[in-house]
Amino acid sequence: MRIIQIAVGPNQVPLTGYLQDITNDGGIRNIRPSVVICPGGAYRFRSERERDPVALHFLNMSYNVFILDYSVQEEAKDLNPLLEASDALIKIREHALSWMCDPTRIAIVGFSAGGHLAASLAVLHNHEVLSCRQEIRDENNRPDAAILCYPVITSGEYAHQESIGWVSGGDAKLKDLMSLEHQVNPKASPMFIWHTVTDATVPVENSMLLALSLRREQVPFELHLFESGSHGLSMCTEEVGTPHPLCRQWVGLASTWLNSRFHHTL
């Protein structure tokens, strides 16, 4: 495995890549799909539990894996996390040949506030708020798929106020922009979404509102709601401190969905 790290976005935050070893049995298997992981943490911190354990799963599935240490707290204002995520995908595609990444198969995976960031790029990749600040060519910042795990979505009635507060920096216009259920358009990326109905931190309505908007705009998506479970389940294992056999099903469901979209087999 090769481990690389580059700086992305206005704040030059780290994007760390874990790249699969090159094989000697034919070139085609050396070109891998990729995932970019955005851990949760209310835009106040970045959860360790939603980082390496998730990365190891996708590495075992023969993906190249990147972890984005996006800006948090005061540094999360002015669209910095979104610009960083956008730049991350641009950089991966720019280095696709040397990193052996398939530029047509890059997914973004996010948890909670990281799910908001992943969904933001999936929905706003072609928005003028990005194109006026970054050089975007041929949708080279667009995720080919997004996996959203108990995501923050809305700034309205069901908002997770801390996340929206940090990412908007208190700016009313940015707060409206960050209510993603109102920003969905037909060019949004296909999405896999899961949530628990009893989530007491980020209400399940966040995912439901997004799903309704995706349905309205005819954007492909898959939605799974589990009857019970707390917020922040991550991989739902003992390793991350939140074992939950029923919700653990999300891992296989999301993996099957993504492999199918990317025509990826082990």
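**Strands, helices and their labels**

Guide: Strand 6 (residues 145-149) and strand 7 run parallel to each other and pair over four bridges. In that pairing, Ile147 stands opposite Phe192 of strand 7. A word on the source: this is a predicted model, in which local features need pLDDT of at least 70, side-chain atom pairs count only at pLDDT 80 or more, and totals for chains, interfaces and linings use all residues. Residues are numbered from 1 along each chain as its sequence is written, and side-chain values use heavy atoms, with hydrogens and water left out.

Visitor: What makes strand 7 and strand 8 a pair?
Guide: Two strands pair if DSSP finds at least two bridges between them. Six bridges join strand 7 (residues 191-196) to strand 8 (residues 221-226), and the two run parallel; therefore they pair by that rule. Strands here are DSSP runs of E with at least two residues, helices are runs of H or I with at least four, and both are numbered from the N terminus.

Visitor: What makes the unit of strand 7, helix 8 and strand 8 right-handed?
Guide: A crossover is right-handed if, with the strands pointing away from the viewer, the path from the first strand over the helix to the second runs clockwise. Strand 7, helix 8 (residues 205-216) and strand 8 make a right-handed β-α-β unit.

Visitor: How do you know that strand 7 is covered on both faces?
Guide: Buried means under 20% relative accessible area, exposed means over 50%, and partly exposed is in between (1.4 Å probe, protein chains only). Met191, Ile193 and His195 on one side are buried, as are Phe192, Trp194 and Thr196 on the other.

Visitor: How do you know that the length of helix 4 agrees with its residue count?
Guide: The expected span is 1.5 Å times one less than the number of residues. For the 12 residues of helix 4 (residues 113-124) this gives 16 Å, and the end C-alpha atoms are 16 Å apart, so the two agree. Helix 4 is also mostly covered, with 12 of its 12 residues buried.

Visitor: Why is Val72 called buried?
Guide: Its relative accessibility is 16%, so Val72 counts as buried. Val72 lies in the loop between strand 4 and helix 2. Beyond its neighbours within four places in sequence, Val72 is in contact (heavy atoms within 4.5 Å) with Tyr43, Arg44, Phe45 and Arg46.

Visitor: Why is Gln73 called partly exposed?
Guide: Gln73 has 38% relative accessibility, so it counts as partly exposed. Gln73 is in the loop between strand 4 (64-68) and helix 2 (80-94), and its phi is near 55°, a positive value in a residue other than glycine. Most residues other than glycine have a negative phi.

Visitor: What makes the protein as compact as a globular protein of its length?
Guide: The secondary structure comes to nine helices and eight strands. The radius of gyration is 17 Å, close to the 18 Å that the globule rule gives for 266 residues, so the protein is as compact as a globular protein of that length. That radius is taken over C-alpha atoms, and the rule is 2.2 Å times the number of residues to the power 0.38. Buried residues make up 59% of the 266.
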